[in-house]
Amino acid sequence: MSVDTTTLLAILAMAVVTYFTRIAGLLVADRLALTGRAKAAFDAIPPAVLVAVIAPTALTTGWAEAIAAAITAFVAFRLPLLATVAVGVASVVLLRNFF
C-alpha cells in the first residue's frame with residue numbers, strides 16, 4: 001500500500017483547520033459580552049444542534065423515533081441539555097418496545 005503525498009497533506013491540512021476552528025470558538029466565545037439578541041442566539045445553539053441530530057432520524061425511521069423526537073423537543077424547552085438527551089434516549093428505548 002502506498003500513500004499519495006498530496007492526499008496525505010490535504011487530510012492533515014483539513015485536520016488542522018478543523019482543530020483551529022473549534023479552538024477559536026472556545027477562545028472567542030469567552031471574550032464576547034453577549035446581551036439581548038446575541039445572548040438569545042448563543043443560548044439557542046445547543047437545542048438547535050440537538051434538533052439537527054434528531055430530525056433526520058425522526059423523519060426517516062418509524063413511529064417510535066418520531067414520537068420520541070417530539071417528546072425530546074418538548075422537554076428541551078424545560079430541562080437542561082443533558083437531561084433532555086437522557087429523556088430522549090429513554091423515550092426511544094421504551095417506545096421501541098411498543099412499536
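Which residues lie nearest the centre of the largest pocket? In this predicted model, the largest pocket has a lining of 14 residues, and those nearest its centre are Ile54, Thr72, Gly88, Val89 and Val92. The space in the largest pocket amounts to about 240 Å³. Helices α3 (45-60), α4 and α5 each contribute at least two residues to the lining, and α5 provides the largest share, with 6 residues.

Helix α4, which spans residues 63-76, packs on helix α5, which spans residues 81-96, at an angle of about 155°, and the axes of the two helices lie 8 Å apart. Since angles over 145 degrees count as roughly antiparallel, α4 and α5 are therefore roughly antiparallel to each other. The crossing in which α4 passes α5 is right-handed. On the side of α4 the contact involves Ala64, Glu65, Ile67, Ala68, Ile71, Thr72, Val75 and Ala76, while α5 brings Thr84, Val87, Gly88, Ser91, Val92, Leu95 and Arg96. In this contact of α4 with α5, 9 residues are nonpolar, 4 are polar and 2 are charged. Among the residues of this contact are Thr72 of α4 together with Gly88 and Val92 of α5, and Thr72, Gly88 and Val92 are also among the residues nearest the centre of the largest pocket.

Helix α4 also packs against α3, where the two axes come within 9 Å and cross at roughly 160°. That angle makes α3 roughly antiparallel to α4, and the crossing in which α3 passes α4 is left-handed. Leu50, Ile54, Thr57 and Ala58 of α3 form this contact with Glu65, Ala66, Ala69 and Thr72 of α4. The residues of the contact of α3 with α4 comprise 5 nonpolar, 2 polar and 1 charged. Glu65 and Thr72 of α4 take part in the contact with α3 and are likewise listed in the contact with α5. Ile54 of α3, which belongs to the contact with α4, is one of the residues nearest the centre of the largest pocket.

A further pair is formed by α3 and helix α2, the latter covering residues 36-43; these helices pack at an angle of about 35°, with their axes 4 Å apart. In this pair, Ala41, Phe42 and Asp43 of α2 meet Ile45, Pro46 and Pro47 of α3. The contact of α2 with α3 consists of 5 nonpolar residues and 1 charged residue, with no polar residue.

Definitions and conventions: Residues are numbered from 1 along each chain as its sequence is written. This is a predicted model: local features need pLDDT of at least 70, side-chain atom pairs count only at pLDDT 80 or more; totals for chains, interfaces and linings use all residues. Side-chain values use heavy atoms; hydrogens and water are left out. Axes are lines fitted to C-alpha atoms, for helices over the stretch in contact, and angles run from 0 to 180 degrees between N-to-C directions. Angles under 35 degrees count as roughly parallel, over 145 as roughly antiparallel, 65 to 115 as roughly perpendicular and the rest as oblique. A crossing is left-handed if the near helix is turned anticlockwise from the far one by less than a right angle, and right-handed if clockwise. Contact means heavy atoms within 4.5 Å. Ala, Val, Leu, Ile, Met, Phe, Trp, Tyr, Cys and Pro count as nonpolar, Asp, Glu, Lys and Arg as charged, and the others, Gly among them, as polar. On a 1 Å grid over the protein atoms alone, a cavity is a set of points where a 1.4 Å probe fits but cannot get out, and a pocket is an open set with protein on both sides within 12 Å along at least five of seven lines; lining residues have an atom within 4 Å of a point. Grid points are joined across faces, edges and corners, and a volume is the space filled by probe spheres set on the points.
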